[in-house]
Structures are given as C-alpha cells and as structure tokens.
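Reader: Could you take me through this model, with the cut-offs as each term comes up?

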Amino acid sequence: MSTETPLDLKKTINLPKTGFSQKANLAQSEPARLKKWSEINLYQLIRQARAGADKFILHDGPPYANADIHLGTAMNKILKDFVLKSRSMMGHDAPYVPGYDCHGLPIELYVDRKLGAKKANMPAVAIRRACREHAAQALKRQTRDFQRLGILGEWDNPYLTMSNHYEAETARLFGRFVERGYVYKGARPVYWCIHDQTALAEAEVEYHQHTSPSVYVKFPLASDPALIDPALAGRKVFVLIWTTTPWTLPANLGITVHPDYQYSAFENGDEVYIVASELLDAVVEKCELRKGRDGESQPPKVLARFPGARLDRLECRHPWIDRRSLLMVGEHVTLGGEADAETELDVKDAREKQSSSKAGTGAVHTAPGHGHDDFVIGKRYGLEIYCPVDHAGHFTPEVEHFAGQSVFDANPKIVEFMRERGVLLFTESFSHRYPHCWRCKNPVIFRATPQWFISMDQAVGAVVETIEKDEDGRDRSNFTENFSEGETSLRAAALREIERVKWFPSWGEIRMRNMLKGRPDWCVSRQRVWGVSIPVFYCAKCSEAVAEPAVINHVADIFERESSDAWFIKEARELLPAGYECKQCGAAEWTKETDILDVWFDSGSSSVAVLESRPELRWPADVYLEGGDQFRGWFNSSLMVGIAAHDRAPYKAVITHGWTVDAQGKEMHKSGGNAVPPDEVIKESGADILRLWCASSNYFDDMRSSKEILQRVTDGYRKLRNTARYALGNLHGFDPARDSVAHEEMQEVDRWALAELDAVIKTVRAAFDIYEFHTAYHALYRFCTVTLSARYFDILKDRLYTFAPRHPARRAAQTALARIADALARMLAPLLVFTADEIWENLPADSARLQSVHLALLPEASDVMDEELASNWKRLFEMREDVLQTLEEARIAKVIGSSLDARVEIAATGASYELLDRYRNELRYIFIVSQVEVTRSDEGADGFVVKVLPAEGAKCERCWNYSTRVGESEKYPSVCERCVAALDEIEQESPRE
RNA sequence: CGCGGUGUAGCUCAAUGGCAGAGCACUCGAUUGAUAAUCGAGCGACGUCGGUUCAAUUCCUUCCACCGCGACCA
C-alpha cells in the first residue's frame with residue numbers, strides 16, 4: 001500500500017470499456033443479425049408494437065423479375081426502407097409488402113432464346129409455364145438479395161403480378177376501363193416483320209445499314225395557290241416530298257410541313273415547286289430544277305416565301321391515285337434526313353459528310369398506316385389509318401398497278417412508274433440505318449394493325465367500336481371523329497389529380513403534367529403470350545366483339561381459381577357464362593382474343609390488386625417511390641388505373657430518385673467497367689456501407705458511385721462507429737436508473753451538449769419528414785465529428801478518466817452520454833439498420849429496453865431552450881478556435897507538445913472579458929490546457945489576446961495536467977491536488993486490501 | 001430535336017442579393033489513456049458568355065457538360 005507504482009496509478013484511471021468492437025466486420029455480423037431478426041420475427045414485432053397506430057403505406061413498385069439486382073435496384077429498395085423505418089419510428093404502422101413484375105417481353109424473349117427451335121412446337125401454355133418458372137426463380141434471387149440489405153417486409157408473401165388473384169384483378173380492371181367507356185379497338189402502326197409475319201416490339205428491332213431508293217416526288221396542289229401567296233395565283237404549283245420508302249406512297253394521305261419553318265415557291269419551267277427555304281439550293285441542285293419559263297437554264301427564281309403554317313389544311317392531289325393528300329403542320333418535321341454513317345467516321349469526315357448528305361424537302365410524305373409520326377398527326381387531322389399492305393407484306397387488291405406485289409419488290413417498280421408519269425424528280429440509292437428483325441435479320445416495315453387502346457381524351461361510350469374487319473390489319477374504323485377533350489376524359493382527370501399529389505422533388509408535377517399533356521392513347525394490347533389475356537371474345541359468325549364487364553368478371557373469376565393460363569387451356573365456350581349468345585346474330589360460337597395486356601397495365605393495377613386485397617394495407621397509398629423513368633411508366637399507369645377504379649390518384653405523394661452513375665456522372669455499364677455491383681460492396685464492406693452511401697447522397701439527383709466515393713462513405717461509417725463506441729465505452733458501469741444526474745445538476749458543458757443533441761434531433765426529424773435522408777445523415781455526421789468527437793468528448797476525457805467513478809460530475813457526463821448514445825442509435829436506425837441495432841444492444845443495461853432499436857421511436861427534443869447558455873457556448877467555442885491556433889503556433893515553436901503542457905494567458909476587454917471571467921474556472925477544461933489566466937486589458941472595446949507559455953509546476957503523473965501543487969501529498973507524491981482528492985474518494989468507494 | 005433535372009474545393013453535402021460553410025481526402029504537426037484510433041493547423045470551390053442591380057454563386061439569358069424521359073432516323 002505504501003509502494004504505489006505508476007502502473008497502479010494507471011489502474012485508477014477510468015478508461016473506456018465496451019463490447020462494441022472498433023472493427024465492424026459487417027460482412028460477418030450482418031448475416032448473423034439478420035438471422036436473429038428472422039428468429040424473433042422482427043418485422044411482425046414492429047407491426048405489433050405499432051398496432052392501432054396511424055398507418056403509413058408505401059406501395060412498392062414491382063421490380064422486373066428478370067435479372068439480378070444492380071446498384072440502382074438496391075438503392076431504390078434501400079430508400080424505401082429509409083422511408084418505412086423512419087415513419088415507423090415516428091410512430092406509424094408502416095407495413096411493407098414488396099412486389100414483383102412477372103409478365104412481359106424480356107422474360108418471354110429470354111425463354112424464347114432458351115427454348116430455341118423447340119418453341120415452335122410448344123403450346124402457348126407450355127411457354128407460359130417456362131416463363132413463370134423463370135420469373136419465380138429470378139424473384140427468389142432478388143428476394144434473397146433485398147433481404148440481405150436489411151430491408152424488412154413481408155418477404156415470404158410478396159405480391160406477384162402473375163399470381164391468380166393479381167391476374168384476376170388485372171382482368172377486372174380492364175373490365176372497369178371498358179365499363180367506363182375508355183376502351184376501343186383501332187389500328188396503329190407497329191413494327192412488322194413480313195418474313196416472320198409478326199408484329200415486333202421495340203426491343204425486338206435492331207438497326208442495320210440498309211440501302212433504300214431515295215425519291216423526290218411532286219404532288220400537285222389542288223387548292224387555290226393564291227391562298228398561299230397572291231404571286232402564285234393561276235400557277236401550276238406542286239409540293240415536293242422526299243422519301244426512302246416509295247412503297248408507302250400508295251398509302252399517302254397527306255403531307256406534313258413544319259408550321260414555323262419558312263418555305264419557298266420557286267419556278268421551274270412553267271411549274272412552281274414548294275420546298276423548305278433552307279433546302280431550296282440542295283433540292284434544286286439534286287433534281288436539277290434550273291429551268292426558266294423559257295426553258296433556258298437559270299438560277300431558281302423564288303416567287304414567294306411563307307411559313308409552313310400557311311399551307312395548313314390546304315390540299316394536294318395524290319400524284320397518280322385519284323385522292324386528296326392533305327397538307328398538315330407538325331413539329332416533328334425536320335430539315336432533311338441524314339445518312340447517319342457518320343457515327344462511325346471521325347469527326348472531320350463526319351462534318352464533310354454531313355453537309356453533302358442532307359436530303360429532303362421539308363415537306364414530309366405522310367402515310368398514317370405506315371409510320372408512327374404519320375399515325376399521330378393523321379389522327380390529329382382525322383385521317384384514316386390506311387394500310388393497304390397485308391400481313392405478308394403484299395399490296396392488297398385495291399392498290400392499282402401493284403396489287404399482290406411485295407412492298408420491297410414493288411419499290412423499283414413504283415419508282416419506274418412515277419418516272420413514266422413524270423411525277424418523279426430525282427432518285428438515287430440512299431444508305432441509312434433501318435430497322436431489321438432481330439430474329440430473321442430482314443428489314444421490317446411499319447404497318448397498321450388492330451390494337452386495343454385506352455382513350456385519353458374521351459369516354460368512347462360504345463364498348464367496342466364496330467370495326468370493318470378484313471382479316472388482317474385493314475381496319476377501317478374511324479375512331480378519330482368527334483375527338484374532343486371531355487371533362488370525363490382520362491387525361492383531364494389525370495391532370496386534375498396530379499395537383500392533389502405531393503411531389504418530391506416538387507418539379508415532379510411539372511414533368512408529370514408535360515408527359516400527360518402529350519401522351520397518345522394508351523395501346524394496351526401486345527401480340528405475345530406471357531401476360532394476362534385481354535378477356536374479349538369474337539362471335540365466330542358475325543365477328544361481333546364482346547367486351548362486357550359482366551363477361552370479363554366471369555372470366556376473372558376463372559383466373560382467380562386457375563390463373564390466366566385458363567385462357568390458353570379452355571375453349572371460349574368454357575370461359576363464357578353458360579349459354580352466352582351473340583347479341584348481334586344470336587350465334588353461340590366464339591373465338592378468343594389472342595392479344596395480351598401491356599405489362600404496364602399489369603403493374604398499374606397494383607394499387608387495387610394489392611392495397612385493397614390485404615387487410616394491413618389501404619387504398620390510396622401514402623407514397624410511391626421510384627426512379628424518374630416511372631413518370632411515363634408506373635406512376636402513369638397507376639394513375640390511369642386509379643382513376644378508372646376510384647376517380648382518384650392511387651398515391652398521396654410521389655418521391656422520385658435519380659440514377660446511379662459513376663464518378664464522372666456517366667451511366668454505369670456492366671461492360672464498361674465502371675459499374676459498382678452491390679453484392680461486391682456488401683461482401684467487402686457490408687450492407688450498412690451501401691445504405692450509408694444511399695443516405696449520404698441527395699437522391700433527387702443522380703447518385704454517383706465509385707471506389708473513392710465508397711471509400712469516403714466507409715471513412716464516415718468508421719467515424720460514426722467510433723463515436724458511438726466511445727460513448728458506449730464510457731458508460732461502462734453506468735446504470736441510468738441508479739446513477740443519472742438531474743439536468744440542473746449537470747455541468748454547463750453537459751447541458752450544452754444535450755442542447756446540441758436537441759438541435760440535431762429536430763433537424764433529423766424534419767429531414768425524415770420530407771424524405772431528405774442526406775440532410776439527416778450530414779447533420780448526424782457533423783454532430784458526431786464536430787460536436788462530440790472534437791469538442792465534447794475531448795473536453796470530457798479529463799472528467800471521465802480522472803474523477804472517481806461515482807463522482808457526481810462524472811455521473812453527469814455519463815448521464816449526457818447515455819442520452820446521446822441512445823438518441824444516436826435511434827436516429828441512425830433507419831439508415832444503418834445493422835449498426836444502430838448493435839449500438840442499441842451495447843447501451844447500459846436497462847430492463848425496459850426494447851429487443852431491437854427498430855421497435856423504438858425516434859428521440860424527442862426537449863422543449864426547453866436555454867438561449868443564454870447556447871450563445872455563451874457558441875462564443876466560447878469561437879474563442880477556443882483562437883486559443884487552439886495559438887497553441888499550434890507554440891507547438892511549432894517547440895514551446896509545448898501536448899496542449900496540457902501549456903499555460904494560457906488571455907488579456908480581454910469588454911464582453912469577451914465578461915464571458916471569460918464568468919467561465920474562468922472552466923476554461924482550462926474547455927481549452928484542454930493545464931492553466932488559464934484571464935486578465936482585463938484596456939485596449940479596444942471588445943476582444944482578447946492569447947498568449948501561450950509552458951505550464952507552471954510539475955506534470956501530474958495521473959492526470960497529466962501540470963500543477964504547482966504536485967508533491968503536496970505524502971501518500972501520493974507524484975500526483976496533483978485534484979488527483980489526491982480523486983484517489984481518496986476511490987479509496988473510500990472500494991477500499992483496497 | 002422536345003420536356004425535365006443537375007453543375008459550389010479531389011469526394012459528399014451547406015448556405016446566401018452583401019467577405020461562400022462543414023466533414024472527409026491531402027500536407028504538416030501533436031499525442032500514445034477512443035490506438036488499424038484521437039486532437040490541432042494548413043491547403044483548397046461558385047461550369048460558361050452576357051444582362052438586371054450600388055452589389056449576383058444567388059434573379060434573367062446564351063452556351064457547354066452530364067443524366068433521365070420522349071421523339072426522330074421518311
């Protein structure tokens with residue numbers, strides 16, 4: 001007892017001690033924690049803990065059940081988990097039912113490829129079975145990966161768009177659209193392979209270089225040319241068009257010009273031609289149109305210039321068919337097509353190429369049955385969607401001169417025919433990129449075929465318009481008449497509803513509105529097998545189509561029991577109500593529609609199919625959260641279905657996130673080497689790192705990810721972890737129930753730290769409230785690094801380490817630490833699900849503590865704000881900056897090493913002096929020096945001057961502070977007066993043997 | 001080409017019509033009682049051309065770059 005060694009003194013220091021390891025080892029600890037959560041069924045425990053609370057419904061947008069997850073899908077789900085967990089911790093009952101989008105082309109194509117030639121002999125049901133299996137497998141893998149991210153939800157019972165109930169609901173919702181008169185059947189041009197005789201989806205088309213005949217053709221103006229310009233009165237006027245598909249000319253019904261471009265009418269012989277002014281020279285040169293009225297060569301003489309709008313709704317004649325060709329205006333018109341081989345050339349070549357390769361006249365030949373733009377503008381002008389080409393690519397009999405010929409074979413004949421007729425001005429071979437069939441590699445055509453539509457602009461009224469059917473695409477129904485924007489139209493309702501929705505970020509509404517304003521009718525039919533069949537029947541005798549809600553519901557009930565496979569297995573008769581007869585002709589023989597529904601119709605149905613069928617959910621959802629691509633996708637299709645079902649948007653709020661890009665902001669490509677695969681991050685660093693990355697970035701923008709960025713995130717994680725660890729370590733032996741100190745009895749710095757905590761709590765809660773997780777993260781991170789680590793903890797060390805364990809001042813610090821650690825765990829919980837729970841477990845023993853932090857609520861900020869304390873301490877820390885700077889200078893000058901070697905002398909005046917004087921006895925602890933001397937100086941109104949000297953006295957062996965009183969104690973000769981007192985106290989607390 | 005978004009230090013984020021803040025990274029230093037830690041100091045930025053204003057990173061405009069959606073490629 002009399003021979004105390006330094007080692008024994010060291011033992012009287014209260015160093016941090018905790019089971020919370022410095023090294024996270026997340027790759028191992030996370031799976032273990034997941035296992036534990038699964039064993040206690042944490043998701044259900046959370047639901048139970050919030051039973052009866054206000055619900056918060058985040059409705060999951062179903063990812064496509066095809067490939068494995070990538071960074072983007074991981075981020076999407078993590079953000080959803082942030083929302084769910086933060087809302088749950090704000091007291092809501094926030095159930096999560098994840099979903100999967102199972103039908104559709106990508107899976108069918110994948111299965112096609114896998115089946116290869118076998119597919120031809122397989123019935124549709126067998127192909128569907130293969131698709132179903134593929135989807136089931138993919139979603140199983142995705143589920144595993146999503147769970148690994150720490151996302152809690154009903155993973156054992158997700159919603160699948162291919163489940164019986166879902167398919168039945170999808171069919172019923174189609175019936176709902178029918179019931180409300182939105183559904184019609186019409187023609188629409190689609191990619192069509194004349195070799196395979198099938199429609200192709202966009203994804204099945206590939207572009208290759210192709211040589212087509214380029215032709216310049218003159219269309220005689222039928223309207224009075226004086227309507228364009230008086231100078232043209234009485235002249236023979238022609239509009240010049242250019243096309244590389246002469247075979248579409250028999251289907252020409254119009255010519256489109258740009259309303260704002262300038263057009264010129266110029267003389268060639270005794271004729272007058274109209275082209276875009278900008279292309280005048282190029283056309284004249286190409287077609288050699290330099291004849292004056294006298295037949296002599298001359299530069300083109302322009303008779304009039306006018307905007308394209310002047311031509312609107314005038315008429316031309318078809319160059320050889322007795323039919324009008326309507327002049328229309330459209331914004332899609334460009335000045336000249338370009339042979340686009342330049343992408344493969346270098347820039348210099350490309351520039352040269354570009355100027356010489358311009359072709360076109362600024363007046364676009366328009367065949368609504370053979371082009372998408374042509375279709376859209378044709379519809380706007382009420383033109384027929386005319387397609388005199390059959391499924392094999394042959395002209396139908398009504399096409400004079402060319403009937404029965406294949407369109408590509410007819411091309412040169414049409415060119416020759418036009419030359420003979422004198423309507424052809426010029427022709428040449430033209431190489432350009434042209435769509436080809438991905439399977440047979442033949443060039444494809446655009447061809448109007450019958451499709452099912454949902455009208456955006458009117459309730460059509462009649463269930464199905466009677467269409468003039470002649471087997472194959474030559475659909476003569478004219479659904480464009482009486483086209484008016486009704487109050488009850490889907491578009492009007494959608495535009496109304498989006499105003500009621502809260503958009504995060506706010507510009508989402510603008511984007512949605514622009515999208516809704518411009519979108520054409522929704523084509524919901526697909527000529528495929530992997531999806532929900534369009535539940536429509538045709539009378540075998542009179543072709544009457546039956547699309548009745550009652551019949552559709554009858555079919556849906558069968559789907560409910562047997563899935564939509566029933567449509568492919570059963571005869572029409574078995575699917576229809578018993579004894580159903582045709583209302584038109586009384587026959588009872590039926591055929592089934594072979595088209596399936598667009599997958600966007602599937603996923604759009606989810607709000608009704610899921611939210612209304614599960615007791616824990618409700619319609620509408622509080623929030624949808626997806627990437628910006630879903631404005632046109634799921635946000636849109638869900639809105640349509642919501643309106644059809646309930647006249648309401650299915651969501652109260654919509655959150656959108658950006659894309660995951662690389663460090664340069666470029667798109668990530670699997671092959672580009674810049675991709676950040678989530679599974680690798682998890683394996684190397686842990687899911688919490690991935691989650692923290694999501695939390696650290698502003699997801700409203702694109703989210704950059706790279707090695708360096710993840711390294712920064714990992715650094716940040718370590719700082720958070722160490723900060724928590726330090727708090728936990730100093731809570732060793734602290735029992736909050738027994739040892740807590742009342743707020744008034746704490747030191748000011750403790751109360752300051754708790755006030756700072758309150759501020760962070762407010763910031764974090766507010767940020768969570770508006771889904772700004774990065775704001776919360778940065779506030780928490782700043783709190784940990786600056787407030788805690790650099791300031792509070794550093795100041796606290798002396799008190800925590802050297803005071804007797806049960807000293808009230810030490811207990812006060814621990815009381816604050818306990819509150820801080822508890823609050824940190826709660827606030828970090830939505831973001832760092834694993835680590836926060838680990839912190840939670842290592843908090844001081846408390847019998848009332850919940851099993852998991854995820855069962856807890858966010859901390860509340862206390863209402864009391866001590867303004868004076870806050871401003872005093874703000875100023876004190878500003879002064880501290882100056883002191884630290886001066887200390888650094890002294891360190892460089894080798895006056896001191898550690899700051900405890902220093903004595904600080906401050907000469908202050910005015911308010912600075914008042915403040916320093918008031919905290920006179922605290923200053924050495926705040927500045928972490930051994931001695932502080934404050935004196936009043938006379939200079940200036942307010943300010944202070946810092947001087948650093950070596951500390952006086954000797955260094956206390958125990959607390960490392962310098963003191964002139966070291967050695968006063970006989971018992972503890974190497975120790976300062978503070979430590980003598982502390983050691984006496986320790987002695988009393990636990991007398992040594 | 002159209003619609004929408006973004007552009008602040010190497011990285012991630014702030015703020016603001018009046019000297020642009022933070023943390024990390026980097027450099028240097030201290031410490032060895034948060035130690036594969038901790039503390040300090042230093043370094044470092046408003047994409048571009050104009051305009052409005054006493055004053056612009058902030059408001060308007062041009063252009064550039066990047067991202068998404070859509071259209072085009074006759």
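Reader: Which residues of helix 13 meet helix 19?
Author: Met-512, Met-515 and Leu-516 of helix 13 meet Phe-635, Asn-636, Leu-639 and Met-640 of helix 19. Contact means heavy atoms within 4.5 Å. Helices (H or I, at least four residues) and strands (E, at least two) are DSSP runs, numbered from the N terminus.

Reader: And how many nonpolar, polar and charged residues has that contact?
Author: The contact of helix 13 with helix 19 has six nonpolar residues, one polar and no charged ones. Here Ala, Val, Leu, Ile, Met, Phe, Trp, Tyr, Cys and Pro count as nonpolar, Asp, Glu, Lys and Arg as charged, and the others, Gly among them, as polar.

Reader: What is the basis of these values?
Author: This is a predicted model, in which local features need pLDDT of at least 70 and side-chain atom pairs count only at pLDDT 80 or more, while totals for chains, interfaces and linings use all residues. Residues are numbered from 1 along each chain as its sequence is written, chains are lettered from A and ligands numbered from 1 in the order in which they are written, and side-chain values use heavy atoms, leaving out hydrogens and water.

Reader: At what angle do helix 13 and helix 19 pack?
Author: Helix 13 (residues 508–518) and helix 19 (residues 634–646) pack at about 65°, and their axes are 11 Å apart. Helix 13 is therefore roughly perpendicular to helix 19. Axes are lines fitted to C-alpha atoms, for helices over the stretch in contact, and angles run from 0 to 180 degrees between N-to-C directions. Angles under 35 degrees count as roughly parallel, over 145 as roughly antiparallel, 65 to 115 as roughly perpendicular and the rest as oblique.

Reader: Now helix 21 and helix 22: how do they pack?
Author: Helix 21 (residues 687–696) and helix 22 (residues 707–729) pack at an angle of about 100°, with axes 9 Å apart. That angle makes helix 21 roughly perpendicular to helix 22. Among the residues in contact are Leu-692 and Trp-693 of helix 21 and Val-713 and Tyr-717 of helix 22. By class, the contact divides into eight nonpolar residues, three polar and one charged.

Reader: On to sheets. What is the order of the four strands?
Author: The order is 5-4-18-20, in an open sheet with antiparallel pairing. Two strands pair if DSSP finds at least two bridges between them. Strand 5 (198–200) and strand 20 (522–523) each have a single partner strand, so one side of each is left without a neighbour in the sheet.

Reader: How many bridges join strand 4 and strand 18?
Author: Ten bridges pair strand 4 (residues 183–193) with strand 18 (residues 445–454) in the antiparallel sense. Lys-185 has Trp-452 in strand 18 as its bridge partner.

Reader: Which helix packs on that sheet?
Author: Helix 10 (residues 372–380) does, touching strand 4 and strand 18. The direction of helix 10 makes about 155° with that of strand 4.
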